[in-house]
Amino acid sequence: MDKTAAPHSSKSMPESLETDSAHTTAKRRWTDEDEPEADSDTDSDEISIKSTKSLEAQNIEYVLENGRRYCNDTYFMPNDEAEQTRLNITHQICLILFDGKLTDVPLAKIDPRILDIGTGTGDWPIGMSAEYPGATIIATDIGVFDNGLGSTVELPNVSFQLDDARDEWTYHEPFDLIHLRGLAGAFSDWPALYKQAFRHLAPGGYIEIIDADPAADSVSFLDSGDSYFSIFASAMRSAAEAAGHPRDLCHLSPSVLTAAGFVDVRVKERVIPIGLWPTDAREKTLGKMGLIALLEGVEAYSLRPLTATGSWTAQGVRDLCEKVKTEFLTASQMTCVVKTVTARKPFVRSMARKNDLLQKLMKLDDEMTT
């Protein structure tokens with residue numbers, strides 16, 4: 001491993017980090033009828049197994065790599081059962097953290113058009129479909145979970161679609177809300193993504209981005225600067241930089257959104273306690289759930305990005321993850337900061353004048369009735 005990954009840490013590296021540069025990857029393809037061996041030895045040479053399934057006449061390709069399942073050859077997060085569990089937990093954390101709300105955006109219309117990018121298991125659009133039964137909701141992702149993308153539920157106002165938001169968007173009607181959650185590290189060009197979102201929003205429509213990333217200083221605890229976690233975070237940032245997918249949360253900077261044309265950019269930070277240390281009942285629930293989600297996420301965040309650098313073996317990554325998880329279980333006053341950024345597309349001039357006039361009339365009416 002590159003020793004520059006953690007220059008200020010006195011912690012020693014796990015012994016199994018180095019990998020043979022001549023290490024090769026074996027791959028074989030399999031059909032829908034084939035089943036991968038459940039008890040395969042993940043310490044042997046890496047084996048990627050690809051399958052093709054269909055959803056609404058689209059082909060879905062899976063890659064099994066180092067014991068985890070991925071949607072393709074490149075995206076860094078897995079989409080297997082363990083990851084599905086983590087996403088279900090983080091959705092519940094958000095519900096508690098946001099006091100039961102699904103969005104910070106003031107949706108005035110009873111029939112808004114909503115786009116959820118990177119929907120994952122689909123918990124958020126399913127919740128929004130119940131809260132806004134008149135809405136039209138499109139939920140997209142580049143991969144499919146076994147119980148995701150509408151495979152187990154059918155909702156009249158939600159359309160689950162396979163789509164890569166990095167490609168050119170082809171929606172024909174504008175949206176009132178475009179929602180992204182937990183996609184730090186997913187895009188190499190956030191400004192381009194925001195410009196696409198701006199073009200596909202109706203005047204007055206909102207974009208909402210929610211993120212927390214352990215590789216980007218979201219997680220902190222006492223003495224975390226000299227820890228295996230600091231090695232982990234530094235290695236993750238280095239790997240992300242090399243891959244062209246930075247993990248610094250700069251995409252949440254208001255200036256990036258204003259450069260795309262957005263106005264009324266608002267940033268809100270919420271702090272989650274991690275662990276069993278809180279005494280308040282609500283905080284203790286958040287702490288327990290946050291700890292479980294973080295323990296589940298350490299390997300998911302790091303396994304593919306670090307092994308892709310060629311400087312880590314899968315076992316080396318897992319050794320580091322175990323040390324990090326041990327630190328999390330014993331950390332003092334550990335917290336995680338979740339950031340929410342909302343921004344609005346300006347009204348066109350005529351609509352802005354009408355909106356201005358409406359506000360003045362409402363204010364006048366208030367004055368006359370008091």
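Mentor: Start with helix α3, residues 190-199. Its buried residues are W190, L193, Y194, Q196, A197 and F198. Buried means under 20% relative accessible area, exposed means over 50%, and partly exposed lies in between (1.4 Å probe, protein chains only). Helices (H or I, at least four residues) and strands (E, at least two) are DSSP runs, numbered from the N terminus.

Trainee: Which elements do the buried residues of α3 pack against?
Mentor: They pack against β8 (175-181), β9 (201-211) and α5 (254-259). Look at the start of α3 too: a side-chain oxygen of D189 reaches to within 3.1 Å of the backbone nitrogen of A192.

Trainee: What should I know about the model itself?
Mentor: This is a predicted model, where local features need pLDDT of at least 70 and side-chain atom pairs count only at pLDDT 80 or more, while totals for chains, interfaces and linings use all residues. Residues are numbered from 1 along each chain as its sequence is written, and side-chain values use heavy atoms, leaving out hydrogens and water. pLDDT is the predictor's confidence in each residue, from 0 to 100. The protein averages 83, and 76% of the residues score at least 70. Over residues 15-58 the pLDDT is below 50.

Trainee: How many helices and strands are there in the protein?
Mentor: There are 8 helices and 12 strands. Buried residues make up 48% of the 370 residues.

Trainee: How do I read a strand?
Mentor: In a regular strand the side chains alternate between the two faces of the sheet. Take β7, residues 158-162.

Trainee: In which sense do β6 and β7 pair?
Mentor: Strand β6 (residues 136-141) and β7 pair in the parallel sense, over 5 bridges. Two strands pair if DSSP finds at least two bridges between them. Find I137: it stands opposite V158 in β7.

Trainee: What about backbone angles?
Mentor: Most residues other than glycine have a negative phi. N66 has a positive phi, near 50°, and is not a glycine. N66 sits in the loop between β3 (58-65) and β4 (68-70). N66 counts as buried because its relative accessibility is 8%. Now compare Q333. Q333 also has a positive phi, about 55°. Its place is the loop between α7 (314-330) and β12 (335-344). Q333 is partly exposed, at 47%.

Trainee: Is T340 buried or exposed?
Mentor: T340 is buried, with a relative accessible area of 1%. T340 lies in strand β12. A polar contact of 3.3 Å joins the side chains of T340 and R270. Such a contact is a pair of N or O atoms within 3.5 Å; within protein, one must be able to donate a hydrogen and the other to accept it, and residues adjacent in sequence count only if both atoms are side-chain atoms.

Trainee: How do I describe two aromatic rings?
Mentor: Use the distance of the centres and the angle of the planes. Rings of Phe, Tyr and Trp (its six-membered ring) pair if their centres lie within 6.5 Å; planes under 30 degrees apart count as stacked, over 60 as edge-to-face and the rest as tilted. By this rule the count comes to 10 aromatic pairs. W169 and Y171 form an edge-to-face pair, 6.1 Å centre to centre with 75° between the planes. The rings of Y171 and F175 have centres 5.2 Å apart and planes at 85°, so this pair is edge-to-face. Both Y171 and F175 are buried.

Note on methods
Contact = heavy atoms within 4.5 Å.
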